[in-house]
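Take a moment to look over the sequence and the 3D view. Then read on with both at hand.

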Amino acid sequence: MDRANILIIGGGVVGCAVARAVSQRWSDVFLVDQMPKLGMGASTRNSGVIHSGIYYPPGSLKAQLCVAGNRMLYEFCAAHNVPHRNCGKLVVAHGAGQEAALEHLAENGRANGVAGLRLVDRAAVHAREPHIAATEALLVPSTGIVSAEDLVKTLARIATDQGASLLPRARVVRLEPREDSIAVTLAEGSASGGPPSPGEISTGETVEETTKETIEARCVINCAGLYADEIAAMLGNHNYRIYPVRGEYCELVRAKSYLVNNLVYPLPHADGLSLGMHLTRTLWGTVLVGPTADYVSEKNDYERNRLPIEEFVRRAKPMLPELEAADLQLAYSGIRAKLVPPGHGGFADFVIARDTRATRAIQLVGIESPGLTSSLAIAERVVSLAAEILD
Ligand SMILES: Cc1cc2nc3c(=O)[nH]c(=O)nc-3n(C[C@H](O)[C@H](O)[C@H](O)COP(=O)(O)OP(=O)(O)OC[C@H]3O[C@@H](n4cnc5c(N)ncnc54)[C@H](O)[C@@H]3O)c2cc1C
């Protein structure tokens, strides 16, 4: 049986950021992921936006870790040549009611310590984004975009260089707390076969599990994203339930990508479900329209009953009046790990805490947006919790 100081479950951006941070301080660090490659979950199926931190209630973990993570991410990307761009964004309003909401958003952002927020008029919007309709907008200079795939790869490479062992195709199937460790049983492969490409329906077939091995870890860190509730339950902790919320994207056809220069957002959904379907110019010059936000019943249901293109047009047209159905093609989708059940609405914060019963475990649950932005700040917090267990 292998022995580890730390075993991290999940090799998305959060698990990889944690692996990098803990392997600076401790030896015998393992990271396992059920997929054939790291970062195949939400971490590479998102908008790639480096959020500023304007949306979240002051004092919440989301607010603190997003604002800190934004700064850390720019520094990290610059130091390690991860493709990114600090392009800023506009949150647009149409009419007096929405302008008042924009002012509230600006106040909330300032309370969270977001610098440089400024309300701008129609002419200023037109100068930045000539095809966007708005009566007023909030200019958010600290927002940007990052190549999430390169970020995951870079974090994983640094962790490996620091001596961590990163093991793809290793699925955690059992966790057994012992006196001074947790025994982690691994099987080969994933339960679902993994996310499909756009248009391809996941079969949900179970990959045959052949090999099984056990690693005994002094500290286990649950970074399993959509499956974090199931990992917590393996330790007897049934406090969490993750509700999958799918976000679908379309992409502007190349000939129409001139319609959007940077990032343009509507006001967020009043029920807190999402930031609203936005326009994102990627690092590669393509323009994403999305994501939508709909509860789905399966955690691997990426493609069934996709919204028709006409629905994307209907929702994006108030911001981009020139948009027509022929300008769009379907793109990928991602699934959010929501802690708020359907029909409830409201805010749920990140959970980042030691398990109260299995005290050698650290639970990270509900790490939805802004998890990509916050990943480095989340990792710093996890290091403090791991130190309580290991030092
Ligand atoms: C549509 C969408 C748009 C978003 N946009 C943004 C954005 O613009 N900016 C931003 O900051 N955030 C955004 N987010 C949020 C961000 O993508 C997530 O917060 C972040 O990727 C979470 O990373 P993670 O490592 O926790 O999860 P994941 O990337 O899902 O990683 C979890 C990993 O755990 C593995 N795993 C699960 N169970 C097991 C098991 N039993 N054994 C072994 N491995 C297991 C999975 O294979 C997976 O690789 C968005 C999310 C979505 C869905």
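Predicted model: local features only at pLDDT ≥ 70, side-chain atom pairs only at ≥ 80, totals over all residues.

## Around the ligand

The shell around the ligand has 39 residues, and Asp-33, Ser-43, Val-49, Ile-367 and Thr-373 come nearest. By type, the shell divides into 18 nonpolar, 16 polar and 5 charged residues.

A backbone N or O atom of Val-49 sits 2.8 Å from a ligand nitrogen. For Glu-368, a backbone N or O atom is 3.1 Å from a ligand oxygen. Leu-372 places a backbone N or O atom 3.3 Å from an oxygen of the ligand. On its own, the ligand has 1000 Å² of accessible area, and the protein covers 96% of that. Helix 1 (13-23), strand 10 (170-177), strand 18 (328-338) and helix 8 each give two or more residues to the shell.

Helix 8 runs through residues 371-390. It has a kink of about 40 degrees, centred on Ala-377.

A cis peptide bond joins Ser-369 to Pro-370, with omega about 10 degrees.

## A buried lysine

Is Lys-299 buried or exposed? Its relative accessible area is 13%, and buried means under 20%. Therefore Lys-299 counts as buried. This residue belongs to the loop between strand 17 (294-295) and helix 7 (309-316).

Leaving aside neighbours within four places in sequence, the contacts of Lys-299 include Tyr-227, Asp-229, Ile-242, Pro-244 and Ile-335.

Pro-291 lies in the loop between strand 16 (287-290) and strand 17.

Asn-81 is not a glycine, yet its phi is positive, at about 55 degrees. Asn-81 sits in the loop between helix 2 (61-80) and strand 4 (84-85). At 68% relative accessibility, Asn-81 is exposed. Asn-305 has a positive phi too, near 50 degrees. Its place is the loop between strand 17 and helix 7. Asn-305 is exposed, with 72% relative accessibility.

Conventions. Residues numbered from 1 in each chain as written. Heavy atoms only, no water. Bend = angle between axes of the 7 residues up to and from the residue. Helix = DSSP H or I, 4+ residues; strand = E, 2+ residues; numbered from the N terminus. Buried < 20%, exposed > 50% of the residue type's maximum accessible area, 1.4 Å probe, protein only. Contact = heavy atoms within 4.5 Å. Near = heavy atom within 4 Å. Polar contact = N/O pair within 3.5 Å; in protein donor to acceptor, adjacent residues only side chain to side chain. Areas by Shrake-Rupley, 256 points an atom, 1.4 Å probe, with all protein chains shown as cover. Nonpolar A, V, L, I, M, F, W, Y, C, P; charged D, E, K, R; others polar.
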